[in-house]
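Visitor: I'd like to talk through some strands with you. Could you take my questions as they come?

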Amino acid sequence: MKIGKFSKRVAHVVTLAMMFGLFLPMMKPVGTLAATTTTHELNVSNSMTVGQYSSDFTLNGFTFITGGSIWEVDSSSRSYGGVNFTQRVKSGGKGTISKRAISFTASGAGQLTVYAMSSGSTSRNVTLYGNGKDLESFTAVQDVITAMNFTIPNSGTYVIYPPDDGISYYYLKVVKTDSTPTPTPTVKPTQTPTPTPTTSNEVYVSNNGSASASGTYSNPKSLEGAISSAKAGQTIFMLPGTYSYSTQITIPAGTNGTSSARIKLMPYNNGSVTLNFSSQPYGNPDTNLRGIQLDANYWHIYGIRVYGAADNGIYLSGNNNIIEMCVLEANRDTGLQLSRRNSSLTTISGWPSNNLIKNCTSFNNYDPATGENADGFAAKLTCGEGNVFDGCMAYNNVDDGWDLYTKTDTGAIGSITLRNCVSFRNGATSTGVFTANSDGNGFKLGGSSIAVAHTVENCIAFENKNHGFTDNSNPGPITLKNCTSFNNSLADGNKSNFDFARADTSNNYFTNIITFSTKPVSSDKYKGTATNCSFYNSSKYYLITTATSVNTRGGIYGTLNSTGVKTSDFVSLSAPASSSNLHQTLRNSDGSINLGNFLKLSSSSAYKTMGANLGN
């Protein structure tokens, strides 16, 4: 018996602006296939009627297997990729291949795309079964849709099921290709690996590989096994899927590449790879396990999602490494942190240096113990010279977006460069979780009145709990150029968009800076030399055109600007809504950030030469 009935309603998939009006692309699968044909497609919002179904049924090529349970379709408003979904179909609990499962027949190799969400308060897996075994799993998180791309190896009947607990499904699609699937994600890597198995410099790993395997495509190693035997110039290809760990993955000091022969760790053919550490126990914050700890030199880690670690998602203590296009999500301390590997390294020469963090995204990181340690990115306490963050995005982390904190015990760190980065809505997770201790600054650039000469270029901070940009008592000199700070101090309006005059000895360099708010905010503070800047102080705007010594501590603000900055000076002030897929929707094909027209200065504005440019 089925309760409720199907209705082939007229499709009305509406492209919406996300929250606050940012216009995002139409829905498309995270990966596409060359020479593909869509064989099955189901949008629950358009093809199913609200109700309960207690008998097996087939719709658009997908068979919903009850196995004595009930499938339920109900209203659920969620967005993915700019498309609004209004309904979901819920499994109602944990499933098997014969209960609370969805089966379909594939006519050849291809790909299954699923948009799904955990139905509960914890993350849960969705598993693809075929050829007599579980083939691949992806993790669905709570409250937001996760896009999953499963590889279909050949023709046959397949089943997806939730091995943990209830899952909500919004969209399913099967495509067929006449050749081996080669998924191309929405964001293509700068260097696209297309391996032909196997050369001596290629090692393949899978989520069910063994340390003793040969490491070929057909006989993959475990990730730990590949790391233990890694050598300079080698590429470790991770076959798509979710790799679940209750232990830490350590790349030990001495397992080094070279400047001309890095060791690379990346998904095979740009597939989707998640390292899920959510089963790591959480206890003493001083001894909790991290996700990946990279103590070695000259590695290039590319395109991996690191989820749920008990401490940092990635802890980087080696030198001359590249971390690129990685996602750090829901870890229980900072998403990615640079610091020394052990306390015996007491001088800056032994601290991590010359590392590049490029086009990475870090969000929803939260430390349960205090709620004041989990930043998006941190280069703090003990890190050396030459470290760069380029094109990175930090949002909805419970503490700061970036934290460059220093303390007296260990002294100054090396100068950090931040460029083309965005930090927003830090101080609480996307579900509103925070503590009274959560700082919530966009870019926090110091601590303990210790002078470090950081550089920040072409960066944006908006809608953070406290300050947008702050020296946090670092007297500098800090160099800031082409930066925009908008609508920060959301907690109480008592913090600033721009805070760079905490010390009498502050001496900074500001070029092409603009701040603006449509909500209550405290005065900008600035001390140093400013050129072509617009600041806000004591409910007035001040304009500095040519290089001028400024000091708000001493009442030297610049030239009073009676006109002030207005909303009409910007093309758009509609901010992007928080979601789990901003790593795709807010990036160009080369991985760089693209905020569209948001915070872009109008061509007719008097301030058009100020601020950051991270748009079209």
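Guide: Three bridges join E5 to strand E6 (residues 62-65), and the two run antiparallel; strands here are DSSP runs of E, at least two residues long, numbered from the N terminus, and two strands pair if DSSP finds at least two bridges between them. This is a predicted model, in which local features need pLDDT of at least 70, side-chain atom pairs count only at pLDDT 80 or more, and totals for chains, interfaces and linings use all residues. Residues are numbered from 1 along each chain as its sequence is written, and side-chain values use heavy atoms, with hydrogens and water left out.

Visitor: Which residue in E6 is the bridge partner of Thr 58?

Guide: That partner is Thr 63.

Visitor: And what sheet do E5 and E6 belong to?

Guide: They belong to an open sheet of six strands, ordered E5-E6-E9-E14-E11-E12, with antiparallel pairing. Its edge strands, each pairing on one side only, are E5 (57-59) and E12 (133-140).

Visitor: What does E36 pair with?

Guide: Strand E33 (residues 387-390) runs parallel to E36 and is joined to it by four bridges, with Asp 390 standing opposite Arg 419. E36 also pairs in the parallel sense with strand E39 (residues 455-457), over three bridges, and there Val 456 is the bridge partner of Leu 418.
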